[in-house]
Amino acid sequence: MSWLRRLVNVVRSDRLARDAEREMSFHVAERVDELVAGGLSEPEARREARRRFGRHADLRDRVHQVEVLVWLESLVADVRYALRALRANPGFTAVAVLSLALGIGANTAIFSLINAVMLRSLPVSHPEELVQFVMGSGEEDFTNPLWESIRDRQKALEGTLAFAERDFNLSSGGLVRRAPGAWVSGAYFGVLGVPASRGRVLEPRDDVRGCPAVAVLGHRFWQLEYGGADDAIGRSIALGGHPFEIIGVAAPGFSGIHVGRLANIFVPLCSADVLRPGSGLLDARSTWYLSVFGRLGPGVGLEDARSGLARTSRDVFTAAVPTHWTADRQREFIESTLDVLPAGNGLSSVRGEYRSALFTLLVVVGVVLLIACANVAQLLMARATARQHEVAVRLALGSGRLRLVRQLLTESVLLALLGASLGALFARWSSRLVVGFLSDAGDTVSLDLSLDLRVLGFTMAIAATTGILFGLAPAWRSARVDPQSAIRGAGRGLVGESRHTLGKGLVIGQVALSLVLVVAAGLLVGSFRRLATVDPGFRSEGVLVVSTNWSETGLSEDRQRGLPREMLERLRMIPAVRGAAASLVTPISGSAWNDYIIVDGFAPQNANDALAWFNAVTDGFLETLDTRLLAGRGLTPQDKEGAARVILVNETLARRFFGDGSPLGRHIRTNVHDSVGPPMEVVGVVADGKYRRVDEETLPTAYVPLEQTALWFPGIELSLRLDAAAAAVMPVVTQALAELHPDISLEYTTLSEQVASSLARPRLLAALSGFFGFLALLLAVIGLYGTMSYAVARRRNEMGIRIALGSARSGILGLVAREAGKVVTVGVVLGIVLAPAGTRLIAAFLFGVTAWDPVTLAVSALVLTAVAMAAAMVPAWRAATVDPMVALREE
Amino acid sequence: MPKLRSDTLHGTLALLVLQTLEARGPLHGYGITAAIQSSSAELLRVEEGSLYPALRRMEQQGWLRARWGMTEKNREARFYEITRVGQAQLARERATWDRVTEGVGRVLAYA
């Protein structure tokens, strides 16, 4: 209790001092009276009373010490003093705080991203107990029979759950209105420990064969779509055109366990029969689509779980083995193992893709912060010289050196805290910007960027560390001043030759670090440019891609197979459509189809040697995409069902499988799960083109006629080459297809958008590294300017004398230029030496250029040198134009 | 809570102050020194340097209450008064003191 009062008294100390003073005076007065009454004279009595009372000041001190928390009081005094000092130098304070704000803010932004993507635990109960199942081979996807087998047979874990992420179409036919969601097992909510906030969540009894169609809504979705109305429970929601009954709303804050993707609607796994009727997904033993997670029981470790699973794995796999596989493959399957990995922070594709990029960015912003700190350190040291006089006086008056250092450090830490507060604001804004980069047209990334304790703690720690880092050296040097010589020197600043070396060292460091960052930025920006201009083997401008899906139409299979041709007929009649074609996949879409092929005379060295990539297309596809035909012919409407089976190959496939000879007239057969397809005659060779990614080595690709493939597909991609703007044509296309059948669902994108979104990560890296490289350059230049100004200012007397004695102004210029040149050169050389080590970090992100590309290095070095010298010459110019009389007069 | 130093005189001072205030009612600092001096027949004299810090401490711990008031000579002074908590503390201190003195006495007699 009294501790608290002592704390409070810190702010009442003035009042308390007055009270104590009054009390002492009274006591002394009484004592004097007593002594006078005993016979002493007034002055003697007073002297005696004083003596007995002891040293007034001492007593007051002791009382004071009882009354307040002394350390807190001196801290408060330090802070007040520091604030006054900062206010007195607004220019200095502004530059320092701004530099720190940018440095600390950048670090906080990147860290909060890392936190959101990688470190943050899921908002479920005891996330540290969650594990993800993977097959021994590393496969993360399971079939439904296998999942059910695991669920029913395993005994090692407390609970298991499975889910598949799916987007639901909220509209029936026409333009798709997407809501991301998931198919989940009955125990999903139970195992995760996520309660309902309205109604109820799914239970195991909801997830049995032939179940009624029910759905649980995510909390935010319920707020947005239904206004948070209680009567949403029991209403029906149409998913993919099928009605589902809403039975509950999940607790707020829960949106699935895939980080970066909000799941809004949860339906039981068994509703696959409703959403994909006839697909037999629930019993398909070789369709891999489920993610399986589990919860370790209390006190159960990973190893226990693994050994427990190993005991039951044989039974588990035997019950779900695909019976149509060969005996060998079946045996392999039964011998598979199950592994569990910690999954407390959920699944994330964003994490996998961006993990190394984010850590690299963290290093980059760390370097920027170092440069900013060096700047502030220089500023502080320059100011320290100006305050030498004051410091000397304080030392002479008895202040302890340590106390002085502490007070100066308080200033630094205060600067850092101010910078951190401003930086935190900057961080909030910029991290949202970065997430915007990560999302693109098709795939919104949603991350929970709210400030949590971890990010706050990180920011504070960084602020404190940087404050001490850049404050310690100047503070220590200040306190080491010899009071006598400093006062005698009267602020002329004679002390400090050594300080100048530290300043030079800092600038050299800054220049070197900025060079490394500029080189890195140059490499990343160059890579992105190269990626963006790589020839993908097709012309993406002006191509509209329509993703169609007819699974809701309820048409017969025959009718369905005829739909692509009907759609193309209608679309080709639209005037603005120059060319139209249908295909199973479009390039750079994220979808792919591959199979092993058998070619006479080709012996694969290993399994993957015989892998080829496929696309099923109609005639006109290659023309629409502007992929050149090199030999033979393209596809025609005659290549339809029942006609001779044909196939087109690209150059890479031709070279790999047929060597130098012409592949025309030769045959290819597919090998799917050990069943060999009919031979297809190669009738044409097309130019190479990118399939999955812009930066890949060209894959061996083959094109089969859409109508000759046995694959079943619920929809097709239509590619339309337009003569007008896409926005103008879209409504016409929608209309045309709606006339064909109103329940066909459509989604639009352009091929250019599709390609651009695949470059999201390189774009992010290029933009950010460019920004930070520029920032580092700016900070280093400011630092250089500051140091040179200060050095020149210190030597104004000397310059004035030189000029007065007849030295030419150009001589002065040369003097300063030489000094600056030395520093910059050393810095640049150091930077060139450090650069390869630094760029090795980003080697994985580079395309078309090596990490030690000499051209980038040379250009960066030249730019940096030029800019740095320019910055240094401004104060030099001012020095050379100084009026010698003015300089000399200023003592 | 600031731990009182294990200084016998220090603890004794608190005892003396509390007893004085209990017996004589509210007094100011000077009055307390005078009272202790007179009731101990000049055997004990309190140093002002120890008294005032001790008074502050006791005030903080809630054993005393302090008010500004006027003396007969019309001077402004700070008067201290014992509180209920202070009375309890006084009882405790007396018990401790009795124990200590008895113990010391025995050692001196029989050691």
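Helix 2 of chain A has 25 residues, which should span 36 Å at 1.5 Å a residue. Its end C-alpha atoms are 36 Å apart, in agreement with that value. The expected span of a helix is taken as 1.5 Å times one less than its number of residues. Helices (H or I, at least four residues) and strands (E, at least two) are DSSP runs, numbered from the N terminus. The model is predicted: local features need pLDDT of at least 70, side-chain atom pairs count only at pLDDT 80 or more, and totals for chains, interfaces and linings use all residues. Residues are numbered from 1 along each chain as its sequence is written, and chains are lettered from A and ligands numbered from 1 in the order in which they are written.

The buried residues of helix 2 of chain A are A:Glu23, A:His27, A:Glu30, A:Arg31 and A:Val32. A residue is buried if 20 or more other C-beta atoms, placed from the backbone, lie within 10 Å of its own, exposed if 12 or fewer, and partly exposed in between. The cover over these buried residues includes helix 3 of chain A, and from chain B helix 2 (29-39), helix 3 (48-60) and strand 3 (76-82). A:Gly39 follows helix 2 of chain A, with a positive phi near 120 degrees.

The contact between the chains takes 18 residues from chain A and 16 residues from chain B. Two residues are in contact if their C-beta atoms, placed from the backbone, lie within 7 Å. On the side of chain A, helix 1 (2-9), helix 2 (13-37), helix 3 (42-53) and helix 4 (56-67) each give two or more residues. Helix 2 of chain A gives the most, with seven residues. This side divides into seven nonpolar, three polar and eight charged residues. Ala, Val, Leu, Ile, Met, Phe, Trp, Tyr, Cys and Pro count as nonpolar, Asp, Glu, Lys and Arg as charged, and the others, Gly among them, as polar.

A:Val66 lies in helix 4 of chain A. It counts as partly exposed, with 19 C-beta neighbours inside 10 Å. Neighbours within four places in sequence aside, A:Val66 is in contact with B:Pro53, B:Arg56 and B:Arg57. A:Val66 and A:Arg6 are 60 residues apart in sequence, yet 7.8 Å apart in space, C-alpha to C-alpha.

Chain A has 28 helices and 23 strands. Its radius of gyration is 38 Å, well over the 29 Å that the globule rule gives for 891 residues, so chain A is more spread out than a compact globule. The radius is taken over C-alpha atoms, and the rule is 2.2 Å times the number of residues to the power 0.38. Along its principal axes the C-alpha trace of chain A spans about 135 × 75 × 55 Å.

An automatic or database domain assignment supplies the domain bounds. Chain A is divided into domain 1 (2-68), domain 2 (73-120 + 352-491), domain 3 (127-344), domain 4 (496-534 + 757-891) and domain 5 (551-743). The C-alpha centres of domains 2 and 4 of chain A lie 22 Å apart. Here 33 residues of domain 2 are in contact with 34 residues of domain 4. Helix 13 of chain A gives the most to the domain 2 side, with 22 residues. That side divides into 23 nonpolar, seven polar and three charged residues.
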